[in-house]
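Good morning, and thank you for making time for this.

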Amino acid sequence: MIGLSHYLIVSAIIFSIGLVGVLRRRNLLMLFFATEVMLNAVNIAFAAISHYYNDLTGQMFAFFIIAIAASEVAVGLGILIVLFKKHGSLDLDDLANMRG
Amino acid sequence: MFENFIASIMTIEGAAFYVFSILTIGLFSITVMSKNVLYAMTSLAAAMVLISGFFFILGADFLGVVQLVVYVGAIMALYSFAMMFFDATKDIKEKTTSNSLVFLLGGLSALVLVLMFAAPIYSENIQALYPMHEGVGNAQDVGMVLFTKYLIPFEVAAVMLLVAMIAGIILAGKKMDESLTEDMSADDEILIIKDEK
Amino acid sequence: MENLVYVALFAPFVGSLFAALFGMSQRQIFVGVIASGLLAVSFISSLLLAINLYTTGNVIHVTMMDWINAGDISIPFGFVIDQISVTMMTVVTLVSTIVHIYAIGYMDHDKAFNRFFSYLSAFVFSMLILVMSDNFAGLFIGWEGVGVCSWLLVGFWYHKPDQTREENPSISPSWAANEAFIMNRIADLGMLVGIFILYWNTGSLQYDVVFAALPNLDDAVLVTAAIALFIGAMGKSAQFPLHTWLTDAMEGPTPVSALIHAATMVTAGVFLVIRSNPLYGMEAVAGVSFFIACLGTFVAFYAASMALVERDLKRIIAYSTLSQLGYMFAAAGLGAYWIALFHLAAHAFFKALLFLGGGNVMHAMHDELDLFKMGELRKKMRGTFIYMTIASIALAGLPPLAGFWSKDAIIETAFNEHTYVLWFMLVLTAGMTAFYSFRQVFLTFFGEDRHTALGFHPHEMYKFVLAAMSPLAVLAIITGWFMGGYKAFIYQIGEGVQYEMSEHTHHLATYLGLIVIFVAVSGIILAYFKYARTGKNAFKRNEEKEQGFFYKLLINQYYVPKIYEEYITKPYAMISEVFWTKVDLKIVDATVDNIAKFFYVSGDKTRAMQTGNLSNYLNWMAVGAVVLLVIAAISAMLV
């Protein structure tokens with residue numbers, strides 16, 4: 001039988017992959033992708049918990065996370081486009097102009 | 001342990017879980033590692049579809065559909081359109097962070113999370129707050145809860161999406177040939193108002 | 001009547017603030033005049049209160065406001081006008097008024113004239129709070145207030161440089177001020193402990209509540225509280241071994257010495273014992289009371305012995321103050337509280353007069369205080385001469401002047417209590433008192449003219465100053481006549497302060513009085529033969545005698561200040577030095593410095609993290625998140 005732990009472990013692995021992406025990449029677009037990966041990992045965990053505890057709350061949270069992800073992408077991409085127009089690049093190393 | 005694995009893989013549900021897991025993990029790894037944006041995005045989209053498969057296995061039909069519609073349909077479409085502004089065919093040249101740190105942190109977090117989740121969870125005293133109903137479709141069940149208990153968050157989310165939409169349009173759409181931050185017209189308008197006074 | 005209480009209390013305060021306004025400016029006569037006027041107002045109010053109390057017998061109790069209300073502590077700013085406090089108020093305001101007027105003349109040439117009046121009025125205000133308060137907290141505030149004013153006024157001429165102990169036993173005004181303040185602080189700690197003990201065990205600081213609760217307390221608690229409170233009284237009233245500050249305090253201007261270090265502040269200790277008479281009168285603390293009486297007698301004798309050889313005019317008077325305080329404590333310790341209070345009042349009048357007269361002499365002699373450089377001043381300073389003689393007779397205790405009645409009553413009390421050793425000592429001291437006070441009078445005003453040769457040209461004080469002193473002179477003469485009336489007045493309080501001689505003593509009273517008079521007169525006659533005569537019998541210094549053991553012992557104040565310096569001050573300074581260099585600099589300061597250094601260095605090092613590159617920030621965020629995760633995992637495992 002597939003238990004809750006199986007799903008949670010898969011979710012954890014995917015989350016860590018997303019984390020590796022966030023750590024590794026310097027391109028803003030790729031960072032967005034990595035963020036999506038992490039959000040989806042969490043969604044899996046929510047859906048699994050909802051299923052195994054027979055409770056709808058987990059699914060509700062997953063819905064709201066999807067909604068937030070959608071708005072984040074809409075605004076984030078808009079900003080990316082503006083940034084790209086201004087700098088001609090999406091590499092964080094090129095955008096570092098706040099050196100303390 | 002191994003027998004369990006064999007036994008679980010023999011069921012349809014188990015087989016589907018393992019297939020989906022391996023494929024999602026692989027596709028997401030490509031997303032994160034790939035140098036080509038196009039590959040990354042394609043694998044991301046494919047992984048999203050597979051994740052909706054997880055949802056279907058878990059009986060969250062409505063959530064699976066939403067995942068397909070919103071993520072694969074809308075968000076990925078947004079990405080692909082956005083990508084048109086950037087040069088997508090070129091490989092991304094970036095200085096990646098040193099691998100040792102990345103894998104240390106990623107591996108450590110994976111290890112810790114897996115350890116935590118693999119440990120037995122004491123769930124006897126957890127009570128379902130909004131239990132699912134027998135013989136009622138998932139979509140109906142979700143609708144009942146969403147429009148009663150979660151109505152206000154739902155409406156707020158709707159407003160948030162509207163705001164995000166407007167923001168996206170303004171950021172990406174208005175006077176796309178001009179820089180937003182170097183816009184001098186605002187100053188001109190102020191000067192005009194002053195002159196009128 | 002309540003308004004009168006506030007007028008009496010706050011008029012000096014207003015005067016002080018008014019004078020303080022002009023503290024930094026040039027000498028303004030009107031500042032002194034207004035301060036004196038406000039004091040006179042305060043005096044009249046006090047007198048009216050006293051008359052009201054005498055005629056109606058109603059004790060006035062006012063609560064101005066709640067002062068501290070925290071948890072179980074409730075300390076109102078309350079004042080009580082009963083027979084004890086009204087006596088003190090009248091005496092304090094009367095002497096203060098006269099001293100204020102006197103100071104207008106005396107401080108004539110001083111640049112800090114206005115500042116002086118501000119301090120002096122502030123002192124009176126503090127003293128009034130001390131005596132009028134209806135609780136120990138208010139008493140303590142007044143107690144500290146007079147301490148501060150005393151410090152300010154003793155060190156009034158703070159600019160004078162330090163001298164060696166041989167040149168000037170008091171070293172310098174600022175040194176003397178510090179000595180007085182520090183010694184009082186030591187004693188105040190004892191007093192504070194006493195107040196705490198009483199509060200701890202009775203739950204209140206109000207006199208009436210505390211005293212009502214006393215019979216329910218343990219003997220040990222009562223004795224400890226009595227001892228602790230008396231330690232406070234010892235400091236303020238300069239009883240042995242905390243007495244050295246009083247003579248050194250003579251470095252202050254003479255009006256200050258007259259007001260603070262003779263008439264009022266130093267009697268606060270006696271006042272405290274009298275005020276706490278329900279405590280000191282208890283059976284359980286009889287030992288402490290007897291100790292007070294013995295210590296008082298000892299100090300009376302001890303101080304008088306030092307006055308015998310002293311050459312400094314003001315220091316002689318200071319010793320006599322010390323000695324008279326000893327008398328008061330002897331009476332209070334033996335239970336004759338009203339006699340102690342009466343002697344306090346009488347003493348205030350004649351001692352202030354004596355001091356102010358001494359101030360006149362000092363003024364005339366351009367701050368020269370050595371008796372051996374005076375002589376035959378009576379022709380040039382007739383008024384001062386008369387005043388000082390009256391005061392000295394009162395001090396020596398000859399009838400019918402004030403000092404006789406009160407001092408005789410104290411000596412009689414010692415006889416009545418069958419403490420014949422104390423009685424003998426007190427009688428002996430009375431003789432010594434007569435001797436040294438007339439030694440001083442004769443050396444100053446009689447004998448050969450020694451000052452002209454040294455280039456002094458004394459002149460009499462201003463007329464208005466002499467006129468202002470006249471009430472004191474009158475009171476120094478007549479106060480004793482009202483002893484009976486005063487006794488009836490103070491008996492209204494209740495049994496605590498009542499004291500009657502036994503039948504046996506009553507029969508012998510006349511003989512006892514005669515003994516005292518005889519001893520005093522012999523002291524005066526001895527002084528006359530030794531110091532007053534002119535011609536070939538004139539007084540000459542006997543160098544050989546001045547090298548004698550006893551003379552040196554007395555002139556060096558039994559070497560007590562030296563002992564204090566060698567065995568307390570110097571080791572203390574050494575320990576302080578060690579603590580400063582070893583503990584403070586190397587541990588405390590170093591710790592604080594290192595904390596600051598740690599933050600500075602860590603900030604400097606971690607500044608490199610702020611690269612401005614978002615990717616780096618993300619990495620750090622991930623590091624933080626993973627660390628938190630690990631901590632959560634570990635804590636989950638431990639639980």
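This is a predicted model: local features need pLDDT of at least 70, side-chain atom pairs count only at pLDDT 80 or more; totals for chains, interfaces and linings use all residues.

Eight residues of chain C are in contact with eight residues of chain B. Together the two chains bury about 640 Å², and 88% of that area lies on carbon and sulfur atoms. On the chain C side, Asn619(C), Val626(C) and Leu629(C) lose the most area to chain B, and together they account for 58% of what that side buries. By class, the chain C side consists of six nonpolar and two polar residues, with no charged residues.

I turn now to chain A and chain B. Here 70 residues of chain A are in contact with 85 residues of chain B. The buried area is about 7,100 Å², 75% of it on carbon and sulfur atoms.

As to where the chain A side comes from, helices H1 (4-24), H2 (28-52) and H3 (57-87) of chain A each supply at least two residues. H3(A) gives the largest share, 25 residues. The classes on this side are 47 nonpolar, 14 polar and nine charged residues.

The largest nonpolar core has 220 residues, and Val95(C), Phe123(C), Phe136(C) and Tyr280(C) have the most contacts inside it. Helix H15 of chain C, residues 337-364, contributes the largest share of this core, 20 residues. Leaving aside neighbours within four places in sequence, the contacts of Val95(C) include Leu259(C), Ala263(C), Phe349(C) and Leu472(C). A second, separate core has 80 residues, among them Leu28(A), Ile66(A), Ile81(A) and Leu63(B).

Arg315(C) is found in helix H14 of chain C, residues 313-333. Is Arg315(C) buried or exposed? Its relative accessibility is 2%, so Arg315(C) counts as buried. Not counting residues up to four places away in sequence, Arg315(C) touches Pro169(C), Ser170(C), Thr247(C), Asp248(C), Met250(C), Glu310(C) and Gln557(C).

In one of them, the side chains of Arg185(C) and Glu144(C) meet at 2.3 Å, N to O. Arg185(C) lies in helix H6 and Glu144(C) in helix H5 of chain C, so this pair ties together parts that are 41 residues apart in sequence. Arg185(C) is partly exposed at 35% relative accessibility, whereas Glu144(C), at 16%, counts as buried.

Another salt bridge joins Arg607(C) and Asp604(C), with the closest N and O atoms 4.0 Å apart. Arg607(C) is exposed, at 52% relative accessibility, and Asp604(C) is partly exposed, at 44%. Through shared partners, salt bridges also link Glu144(C), Arg185(C) and Asp188(C) into one network.

Thank you; I would be glad to take questions.

Key:
Residues are numbered from 1 along each chain as its sequence is written. Chains are lettered from A and ligands numbered from 1 in the order in which they are written. Side-chain values use heavy atoms; hydrogens and water are left out. Contact means heavy atoms within 4.5 Å. Buried area is the accessible area (1.4 Å probe) that two parts lose on being put together, summed over both. Helices (H or I, at least four residues) and strands (E, at least two) are DSSP runs, numbered from the N terminus. Ala, Val, Leu, Ile, Met, Phe, Trp, Tyr, Cys and Pro count as nonpolar, Asp, Glu, Lys and Arg as charged, and the others, Gly among them, as polar. A nonpolar core is a set of buried Ala, Val, Leu, Ile, Met, Phe, Trp, Tyr and Cys residues joined through side-chain atoms within 4.5 Å. Buried means under 20% relative accessible area, exposed over 50%, partly exposed in between (1.4 Å probe, protein chains only).
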